[in-house]
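Keep the viewer open as you read.

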Amino acid sequence: MLRLEVRPQPSKAWGLASPLLALVITVVIGVCLFAALGKDPVRGLQVFFWEPIKSPYALSELMVKATPLLIIALGLAVCFRSNVWNIGAEGQYILGAIFAAGVALTADKSTGPWIVPAVLAAGVLGGLLWAGITALLRDRFNANEILVSLMLVYVAVQVLNYLVYGPWKDPMGYNFPQTKTFERVTQIPRLMDGSRVNIGLLMALGGVVAVWLFLFRTRAGYAQIVGGLAPAAARYAGFSSRRALWTALLISGGAAGLAGALEVAGPIGQLTPYVPAGYGFAAIIVAFVGRLHPVGIVFSAILMSMFYIGGELAQSRLGLPKSITGVFQGLLLFALLACDTLIAYRLVWKK
Amino acid sequence: MTPPTSPHRLQLAGITKRYPGVVANNGVSLTVQPGEIHAVLGENGAGKSTLMKIIYGAVKPDEGSVLFNGRPVHIRNPQEARALGISMVFQHFSLFDTLTVAENVWLGLDKSLSLAEVTASITAKAAEYGLDVDPARPVHTLSVGEMQRVEIIRALLTSPQLLILDEPTSVLTPQAVDKLFVVLRQLAAEGCSILYISHKLHEIRALCTACTVLRGGQVTGVCDPRQESNASLSRLMIGAEPPALTPRPSRAGAPVLEVAGLSLASEDPFGTALERIALTVRAGEVVGIAGVSGNGQGELLMALSGEDRRAPAGSVRVAGQDVARLGPGRRRALGLHFVPEERLGRGAVPTMSLAHNLLLSRRDAVGPLGWLRVGALKRQAADIIARYQVKANGPDAAAKSLSGGNLQKFIVGREIEAKPHLLIVSQPTWGVDVGAAAQIRGEILALRDAGCAVLVVSEELEELFEISDRLHVIAKGRLSPSLDRAEASIERIGEWMSGLWDDASANHKKKETAHAAA
């Protein structure tokens, strides 16, 4: 019978290499998958790993998709390190987009550029409130935060649909379920002409530094981590578990809301039922593949963004369904969990 | 089946068991005669428990042979061990709290018997050996000593030829220990062999007729403990004699910790509620709290440390200030530092470095806005490692990479270096080797001499007698009046450990007043 036996001293080097190994395994399985579908595996790999970086424009699109993933995953890293399982970043992202759109829709020809910070602040607020519901229910009634945050995603989708099919529908929009296109002034400033990359990317990179400093250089961040690793030690130290819960959920909710605002007032420019693109769920994988470390998350966000773009390209270039993106995301997480398990345990054959 | 010459009851030869990274038993041989009470002596981590689990079939040895009554046996699991006539009473009981005594015993037995039959045989066995147990009582209403009796009766019902007892007296009052010894001697006289695992030298010398000493997984001596002294046994066990501590009189100052009318229901449904605890600790004295574990020590310590903030207002005062409702951080700011019983997971975060573990209770390296000065943190950890002779791979070593004793030295050092006004220590030397224990006790006394108020909660009476100036006893959530060390004796404290101090202290008072009148 095969059994898992705890390794006395798990290898540190393999612990760091595990995400890379997982990527290699994902690629190998991907090659087999392409072959099984009758596609040229080399061409398939090219679509996923070369096309997204082959030109400055492709690179900028890679960054456009990586930005929301990075921002959401940074918040989730704080959350997961605190042992708070916010699975509903997608819902907080949607609420962020809705709140941001609400502010953006008030703009008219005479509105000044102050509207951009207001749009972003509204997005953060929307994410905070949505995550705050989860925190409140967990804090007051000890409701399971995994279920509550996940279920709230579906509520958020219904709120979004109600608004775009109802009160916020563009009267000039030929009855399409979408708001009017936001005024130009609400557009998140772009970094350069000819590319959709905006200041969101800078905010995300600033977030990397901020989260690193918070987690590893402040007592408050230390308290979050201790609460996640050893609740009894946190209690002994006097770190409040309620405070840790609220901090974790509000940081991750606010981050997801910000990502929603950047997206709706950035590349999309209006509120549509297609705002939820699964970034909130993909960011969970990004956070784990990045080892819940802010710097690691930069790389995993770029990788996940490649999968998004590769999936879209595979549709047009290879005639594969777009869901191939989801398959790759799942493969990567699965391979990572398998690698981590085998680093901590060894497989033994015993009768 | 029995060979003509009287065989050894149990003979182990060359038993070796390797775990990843450690050899738990290395070529261990051990021979037990019928009707012998055989001690297995060794420090924590010497390999005693592994050896017993091998005999009981819970662990398979890598090498070596086991002969039972002269026949080679390969015991694959505890059921087979019991079928052969080997029973074991573990240190941690495996009883279900919500079931009755009889139901618990029934669970481990052949199902062909009815519950009524089992109840009858429990009563019979209990009467035979003077083990007082009511089969109809639910287990959660039993004291720890009573639970142990249930475990022993359960073992005896299988009519064992070899009974293994793992540290049986760690949960007993001195009087209960004497009772247990009577039972064990009766069993031995009937021909049952007993393997008695312990690190308490005086018990082994009082009870056992043979002794095998383990150190670092190897046998370091086989002797007759009745012919040995504590010093000679401890030389075999640790390779050195424990350094002696010379008690010095204390000069107690103003009260630092004042507890009055502290009553508190337990958070745990099977925990112990505290009842009107009253206690004072003055600057420059060590107050000890004795008691069998599970009598409210954990609950009291949580209420004192601030981890439990439900204590009635005004019931806990530190330096005159009401702290009953304050959290651990606020109490620490008043100079209260606490060393909890559990080191990994409560006193330290297992996967974090020693340097980072300082931050649980220390703020020296925390700057404005909660900024951490990592360099200062590491220097501080390195200082403690050097000063308390902690065997660790530097300040970056993870807490879980240290042995229990070394981590304890680090945690005690962390709290003592904070220069507390009041230090509360739970089980200061539990699982710590003799040399480190002496060092920790010495540090506690030095802190006392520097004017700190110290409260020590321990199950080791010898330790409390060694370092305390005054002693209390906790039993069933109530705290006894205090006794000066000079007035206290093992017998008296032992009686009080069963909760019987009201009559005793009343008598004592009467005598004193009579004395004064005369």
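In what sense do strand 14 and strand 15 of chain B pair, and over how many bridges? The two strands run antiparallel, and 2 bridges join strand 14 (residues 316-318) to strand 15 of chain B. Please bear in mind throughout that this is a predicted model.

**Chain B as a whole**

Stepping back, chain B holds 17 helices and 21 strands. Its radius of gyration is 25 Å, close to the 24 Å that the globule rule gives for 518 residues, so chain B is as compact as a globular protein of that length. Here are some overall values for the chain.

| Property of chain B | Value |
|---|---|
| Span of the C-alpha trace along the principal axes | about 80 × 60 × 45 Å |
| Buried residues, out of 518 residues | 45% |
| Contacts between residues 24 or more positions apart, out of contacts with a separation of 6 or more | 66% |

The domain assignment divides chain B into domain 1 (10-238) and domain 2 (255-517). Their C-alpha centres are 32 Å apart. Where they touch, domain 1 of chain B contributes 13 residues and domain 2 of chain B contributes 14 residues. On the domain 1 side, helix 6 (174-189) and helix 8 of chain B are the elements that give two or more residues. That side is made up of 5 nonpolar, 6 polar and 2 charged residues.

Is B:Leu233 buried or exposed? It is buried, because 22 C-beta neighbours lie inside 10 Å, and the cut-off for burial is 20 or more. Beyond its neighbours within four places in sequence, B:Leu233 contacts B:Leu41, B:Leu201, B:Pro225 and B:Glu228. By contrast, B:Arg310 is 77 residues away from B:Leu233 along the chain, and their C-alpha atoms are separated by 47 Å.

In soluble globular proteins, nonpolar side chains tend to be buried together. The largest nonpolar core here has 254 residues, and those with the most contacts inside it are A:Leu69, A:Ile72, A:Ala73, A:Ala100, A:Ala283 and A:Val286. Domain 1 and domain 2 of chain B both give residues to this core, so it lies between them.

Setting aside residues up to four places away in sequence, its contacts are A:Ala283, A:Val286, A:Ala287, A:Gly290, A:Ile297 and A:Ala301.

**Where the chains meet**

How many residues of each chain take part in the contact between chain A and chain B? Chain A brings 16 residues and chain B brings 24 residues. On the chain A side, helix 8 (219-229) and helix 9 (231-237) each supply at least two residues. By class, this side of chain A has 10 nonpolar, 3 polar and 3 charged residues.

Technical notes
Residues numbered from 1 in each chain as written. Chains lettered and ligands numbered in written order. Predicted model: local features only at pLDDT ≥ 70, side-chain atom pairs only at ≥ 80, totals over all residues. Buried ≥ 20, exposed ≤ 12 C-beta atoms within 10 Å, placed from the backbone. Contact = placed C-beta atoms within 7 Å. Core = buried A, V, L, I, M, F, W, Y, C linked by C-beta atoms within 7 Å. Domains from an automatic or database assignment. Helix = DSSP H or I, 4+ residues; strand = E, 2+ residues; numbered from the N terminus. Nonpolar A, V, L, I, M, F, W, Y, C, P; charged D, E, K, R; others polar. Rg over C-alpha atoms; globule rule 2.2 N^0.38 Å. Pairing = 2+ DSSP bridges.
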